[in-house]
Amino acid sequence: MTMNSFYVAGGRLRSTVFRKLEEWQSSEQALLIELDPVKNQSQARVEYVSPPAVCPEVLPAILFKSATLQGNTLYACTSTEVIVYELPAFRLQHYVSLPYFNDLHHVYPTQRGTLLVAVTGLDMVVEITTTGSRVREWSVLGEDPWERFSRQTDYRKVPTTKPHRSHPNHVFELNQEVWVTRFYQRDAICLSTPGPRIDIAVQCPHDGYIAGDRIYFTTVDGHVVIASAKTLQVEETIDLNQMGGQSGQILGWCRGVLPLDGRWLWVGFTRVRPTKFVENLAWIKNSYSYRHKPTHVALYDLKRKTCEQEIELEPHGVGVIFSLLPVHPLATIPAEPALKESGNITGS
């Protein structure tokens with residue numbers, strides 16, 4: 001039911017007692033662990049710190065955003081880098097960091113051998129090669145991608161470009177067409193052939209997972225929206241807030257979903273922390289009167305509509321969750337966590 005283990009990608013929080021940190025300052029290390037939910041044990045598979053050349057000067061947030069696993073290849077990204085690993089040893093295959101990379105949220109390999117990257121800080125999606133050459137680019141708002149931004153700026157050094165107008169989060173392909181979720185527009189749209197759209201009206205979506213003909217989207221307030229990849233219609237909307245837990249508790253920033261089958265579903269939640277961008281937390285009503293749960297993963301039984309298991313991840317070193325991914329069947333336990341030091345910068 002629970003599978004033996006799965007990967008959790010995110011970041012280790014930066015510790016400070018003197019100031020409140022914003023999202024773009026919060027994490028000091030990118031971290032990917034393998035979690036055994038039966039034993040509640042974990043092992044670090046990748047611990048990574050970005051080189052200073054591709055980060056803001058002061059308190060950069062260094063963490064893994066949403067990743068994609070295809071076969072024995074893991075496609076990961078930090079806020080300013082795309083990093084491709086070969087499993088099970090997590091050997092570095094490709095590394096790309098480009099000046100317009102700002103607040104990356106997801107990387108996805110295409111059937112053409114290129115990479116789709118959600119450049120969230122520029123409200124943009126780009127298609128690049130593994131050597132960093134640009135193939136195509138789209139504004140997720142249908143405008144000139146560079147209307148509001150400059151090609152001469154190194155956005156890797158810019159701490160944040162918020163507030164964003166769209167905040168694209170998750171890129172994927174359907175029938176070789178390029179799709180992306182849009183946070184503020186509450187939808188997923190086709191970029192390569194404008195027009196098709198999946199309406200995710202219940203709340204702002206963050207990430208997704210394609211399983212067969214179904215696409216599982218998370219929304220920040222704890223819903224999972226399941227849409228048909230064939231009809232593009234929402235087939236089911238699941239409110240995880242109604243599946244157990246104590247009244248008056250906020251589950252957390254819902255991000256990271258891993259369906260085991262049509263019944264069992266792992267979901268990730270990151271502890272909600274204060275931010276000056278109050279619109280990002282508008283989905284929490286009377287937020288200061290609620291208790292916020294710690295960062296955790298939870299297993300849901302969609303048939304019984306219950307939460308069957310919760311595992312706190314802060315004791316495992318993970319303070320921010322972005323992705324839940326299945327363990328490759330050939331995975332073995334390496335002696336040490338991979339890539340403790342930054343790689344070479346290509347395409348810069």
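Reply: Accessible areas here come from the Shrake-Rupley method with a 1.4 Å probe. On that basis the accessible surface of the protein chain comes to about 14600 Å², of which 49% belongs to carbon and sulfur atoms. The model is a predicted one.

Me: What share of the protein chain is buried, and what makes a residue count as buried?

Reply: A residue is called buried when its relative accessible area is under 20%, and buried residues make up 58% of the 348 residues in the protein chain. The secondary structure of this chain comes to 0 helices and 26 strands. Among its contacts between residues at least 6 apart in sequence, 55% join residues at least 24 apart.

Me: Why is Ser166 called buried?

Reply: Ser166 has a relative accessible area of 0%, and because the cut-off for buried is under 20%, the residue is buried. Ser166 lies in the loop between S11 and S12, and, leaving aside residues up to four places away in sequence, it touches Asp123, Val140, Leu141, Arg182, Phe183, Tyr184 and Gln185.

Me: What makes a group of residues a nonpolar core, and which members of the largest one touch the most others?

Reply: The term requires buried residues of the nonpolar kinds listed in its definition, Ala, Val, Leu, Ile, Met, Phe, Trp, Tyr and Cys, joined through side-chain atoms within 4.5 Å. The largest such core has 24 residues, and Phe172, Trp179, Ile198 and Phe217 touch the most other members. Two or more residues each are given to this core by strands S9 (115-119), S12 (168-174), S13 (177-182), S14 (187-190), S17 (214-219) and S18 (223-228). Another core, of 21 residues, lies apart from it, with Val54, Cys55, Ile83 and Tyr85 among its members. In soluble globular proteins, nonpolar side chains tend to be buried together.

Me: Which residues does Ile198 touch?

Reply: Not counting residues up to four places away in sequence, Ile198 touches Trp179, Arg186, Asp187, Ala188, Ile215, Phe217, Ala227, Leu232 and Val234.

Me: How do you know that strand S5 pairs with strands S4 and S6?

Reply: Pairing requires at least two bridges between the strands. Strand S4 (residues 68-70) is joined to S5 by 3 bridges, and these strands run antiparallel, while S5 and strand S6 (residues 82-86) pair in the antiparallel sense over 5 bridges. Leu69 has Leu74 in S5 as its bridge partner, and Ala76 stands opposite Ile83 in S6. The hairpin of S4 and S5 has 2 residues between the strands, and in this hairpin Gly71 takes a positive phi near 60°, whereas the hairpin of S5 and S6 has 4 residues between its strands.

Me: What makes strand S5 mostly covered?

Reply: In S5 (residues 73-77), 5 of its 5 residues are buried. Thr73, Tyr75 and Cys77 point one way from the strand and Leu74 and Ala76 the other way, and all are buried.

Me: Why is the contact of Arg151 with Glu137 called a salt bridge?

Reply: The term requires a side-chain nitrogen of Lys or Arg within 4 Å of a carboxyl oxygen of Asp or Glu. For Arg151 and Glu137 the N to O distance is 3.1 Å, so the pair is a salt bridge. Arg151 lies in the loop between strand S11 (134-139) and S12, and Glu137 in strand S11, 14 residues apart. By this rule the count comes to 25 salt bridges.

Me: Why is Lys230 called exposed but Asp213 partly exposed?

Reply: Exposed means over 50% relative accessible area, and partly exposed lies between that and the 20% limit for buried. Lys230, at 63%, is therefore exposed, while Asp213, at 42%, counts as partly exposed. Their side chains meet in a salt bridge (3.4 Å, N to O). Lys230 lies in the loop between S18 and strand S19 (234-239) and Asp213 in the loop between strand S16 (205-211) and S17, so the pair ties together parts that are 17 residues apart in sequence.

Me: How do you know that Glu314 forms a salt bridge with Arg271?

Reply: Their closest N and O atoms are 3.0 Å apart, and the cut-off is 4 Å, so the salt bridge is counted. Glu314, at 30% relative accessibility, and Arg271, at 27%, both count as partly exposed.

Notes: Residues numbered from 1 in each chain as written. Predicted model: local features only at pLDDT ≥ 70, side-chain atom pairs only at ≥ 80, totals over all residues. Heavy atoms only, no water. Buried < 20%, exposed > 50% of the residue type's maximum accessible area, 1.4 Å probe, protein only. Contact = heavy atoms within 4.5 Å.
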